[in-house]
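Trainee: I am new to this structure and would like to learn how to read its features, so please show it to me.

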Amino acid sequence: MPVFFDTHAHLDYPDYAPDLGEVVARAQAAGITKIISIGTSLESSGRALQLAEKFPNVYAAIGWHPTEAEKAPADLRPALRSLAKHPKVVAIGETGLDYHRLPDGEDAIARYKNRQAEIFQQQLEIAIEFGLNCIIHQRDAFDDTLAQLKSFSGKVRGVFHCFGENAARMKQVLDIGSLVSFTGIVTFKNGQNVRDTVAATPAGQFMLETDCPYLAPVPYRGKRCEPAYVKEISETVAQVRKCSLEELSAATCQTAAEFFPKIK
Ligand SMILES: [Zn+2]
């Protein structure tokens with residue numbers, strides 16, 4: 001059976017409280033052999049790490065989500081430092097910029113964007129300190145996110161997760177040494193733009209993920225998503241790229257193993 005990784009899951013969310021053991025077991029049975037649970041705050045990062053300690057095939061990314069920037073401590077770095085040493089912390093994030101919902105008023109907007117940029121910066125610094133890469137979240141903020149990450153290129157790489165941009169923007173990401181990853185959106189009826197980007201992305205430059213509990217692929221669309229559904233995502237991606245599942249498995253797993261050097 002071709003194996004895949006779920007490089008972006010939120011297993012610490014309350015959605016999984018009733019049956020997390022079964023969710024993880026179903027992933028294993030579907031050939032999804034490694035799962036990275038992504039932190040969105042210090043609390044969430046701590047929970048992701050607890051899950052990584054509990055389940056051998058679960059790893060953690062620790063970070064602070066940009067939409068929660070205003071709740072972040074002034075300096076996030078000391079707390080991240082104490083977690084980042086852990087052998088199962090494989091990345092920093094998710095971090096980045098999100099301008100989708102802005103506050104009212106020019107000053108408030110400037111303050112909000114500034115705060116997001118500050119905590120993004122702190123997380124990039126921690127990534128460099130610990131030799132880790134970053135999980136990048138951006139929404140309606142592509143140019144600013146790329147520019148901020150670019151100033152660190154050669155020192156830290158990012159994966160633009162849940163990539164929904166066109167092929168030209170995908171190339172801009174690859175040009176700074178970063179990667180993209182694709183979710184269940186590739187299976188959506190209205191996902192043709194993402195399928196075009198999937199087809200144009202060179203092998204070795206992208207990974208697969210669910211972003212669960214969100215974005216369940218067809219035929220589960222609208223339901224709670226879980227890591228096992230990387231199987232459906234991989235089938236569509238292989239079809240779009242006209243390659244075998246074995247080839248896709250080898251390429252995406254190798255990419256993830258290089259990008260997350262602490263994944264074993
Ligand atoms: Zn996420």
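Mentor: What follows is a short talk about a metal site and a cavity. This is a predicted model, in which local features need pLDDT of at least 70, side-chain atom pairs count only at pLDDT 80 or more, and totals for chains, interfaces and linings use all residues. Residues are numbered from 1 along each chain as its sequence is written, and side-chain values use heavy atoms, with hydrogens and water left out.

Trainee: Which residues are the protein donors of the zinc ion?

Mentor: Donors are N, O and S atoms within 2.8 Å of the metal (3.2 Å for Na, K and Ca), and sites may look incomplete because water is not among the atoms. Here they are His8 (NE2), His10 (NE2), Glu94 (OE) and Asp211 (OD), lying 2.1 to 2.7 Å from the zinc ion. His10 lies in the loop between β1 (4-9) and α1 (20-29) and Glu94 in strand β4 (residues 89-98), so this pair ties together parts 84 residues apart in sequence; helices (H or I, at least four residues) and strands (E, at least two) are DSSP runs, numbered from the N terminus.

Trainee: Are His10 and Glu94 buried or exposed?

Mentor: Buried means under 20% relative accessible area, exposed over 50%, and partly exposed in between (1.4 Å probe, protein chains only). Both His10 and Glu94 are buried.

Trainee: Which residues line the largest cavity?

Mentor: On a 1 Å grid over the protein atoms alone, a cavity is a set of points where a 1.4 Å probe fits but cannot get out, and lining residues have an atom within 4 Å of a point. The lining here consists of Phe4, Phe5, Thr7, Met207, Leu208, Thr252 and Ala256, with β1 giving the most, 3 residues.

Conventions
1 Å grid on protein atoms, 1.4 Å probe; cavity = no way out; pocket = protein on both sides within 12 Å on 5 of 7 lines; lining within 4 Å.
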